Amino acid sequence: MVTPSSGNHAEGVAYAVQLFDTRCTVCMGDGCSPIKIAACEGYGAEAKLINGDAGAVHNEAKRLHRVQGYRSVSVDLLLTIVSHGTVGLRFLRICRKWTR
């Protein structure tokens, strides 16, 4: 299994594959948090550090999927952005109720 991420998604996938006793390669930007790298490796994932931007990280994950036959667990960036926006709007609505 392979996934591109430098944050919570990477850690979540690494944790999940540990539960199912399988392997995972997490493609991460080489500038990401050492704490996230250690967390992924702590769950048994291989952290593959990629030099470049998020596009380079995604491209390496796609390459591993295509060349090595790894199952890909990817983040749909548009859906991620939309869902974060929705959570933010809900949070603001809750805060407005508290301040009235």
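This is a predicted model: local features need pLDDT of at least 70, side-chain atom pairs count only at pLDDT 80 or more; totals for chains, interfaces and linings use all residues.
## Overall layout

Let's start with the big picture. The chain carries four helices and three strands. Read from the N terminus, its elements come in the order β-α-β-α-β-α-α.

Of the 100 residues, 28% count as buried. Among contacts with a separation of 6 or more, 46% are between residues 24 or more positions apart.

The three strands form an open sheet in the order 1-2-3, and the pairing is parallel. Strand 1 (2–4) and strand 3 (46–50) are the edge strands, each pairing on one side only. On average, neighbouring strands are turned by 25° against each other, with direction ignored.

Now for the pairing of strand 1 with strand 2. Strand 2 covers residues 25–29, runs parallel to strand 1 and is joined to it by three bridges. To pick out a bridge pair, look at Thr3: its partner in strand 2 is Val26. As a reminder, strands of a sheet pair through backbone hydrogen bonds, either parallel or antiparallel.

## Helix 1 against helix 2

Two packed helices are described by the angle between their axes and the distance between the axes. Here, helix 1 (residues 8–19) packs with helix 2 (residues 34–42) at an angle of about 15°, and the axes are 8 Å apart. Angles under 35 degrees count as roughly parallel, and helix 1 and helix 2 are therefore roughly parallel to each other. The crossing of helix 1 past helix 2 is left-handed.

Who meets whom at this contact? On the helix 1 side you'll find Asn8, Ala10, Glu11, Ala14 and Gln18, while helix 2 brings Lys36, Ala39, Cys40 and Gly42. Sorted by class, the contact of helix 1 with helix 2 has four nonpolar, three polar and two charged residues.

## A look at Ile50

Ile50 sits in strand 3. Buried means under 20% relative accessible area, so Ile50, at 10% relative accessibility, counts as buried.

What is around it? Setting aside neighbours within four places in sequence, Ile50 is in contact with Cys27, Met28, Gly29, Asp30, Ala56, Val57 and Glu60. Ile50 also gives a handy sequence-versus-space check with Pro4: these two are 46 residues apart in sequence, and their C-alpha atoms are 9.9 Å apart in space.

Notes:
Residues are numbered from 1 along each chain as its sequence is written. Side-chain values use heavy atoms; hydrogens and water are left out. Axes are lines fitted to C-alpha atoms, for helices over the stretch in contact, and angles run from 0 to 180 degrees between N-to-C directions. Helices (H or I, at least four residues) and strands (E, at least two) are DSSP runs, numbered from the N terminus. Angles under 35 degrees count as roughly parallel, over 145 as roughly antiparallel, 65 to 115 as roughly perpendicular and the rest as oblique. A crossing is left-handed if the near helix is turned anticlockwise from the far one by less than a right angle, and right-handed if clockwise. Contact means heavy atoms within 4.5 Å. Ala, Val, Leu, Ile, Met, Phe, Trp, Tyr, Cys and Pro count as nonpolar, Asp, Glu, Lys and Arg as charged, and the others, Gly among them, as polar. Two strands pair if DSSP finds at least two bridges between them. Buried means under 20% relative accessible area, exposed over 50%, partly exposed in between (1.4 Å probe, protein chains only).
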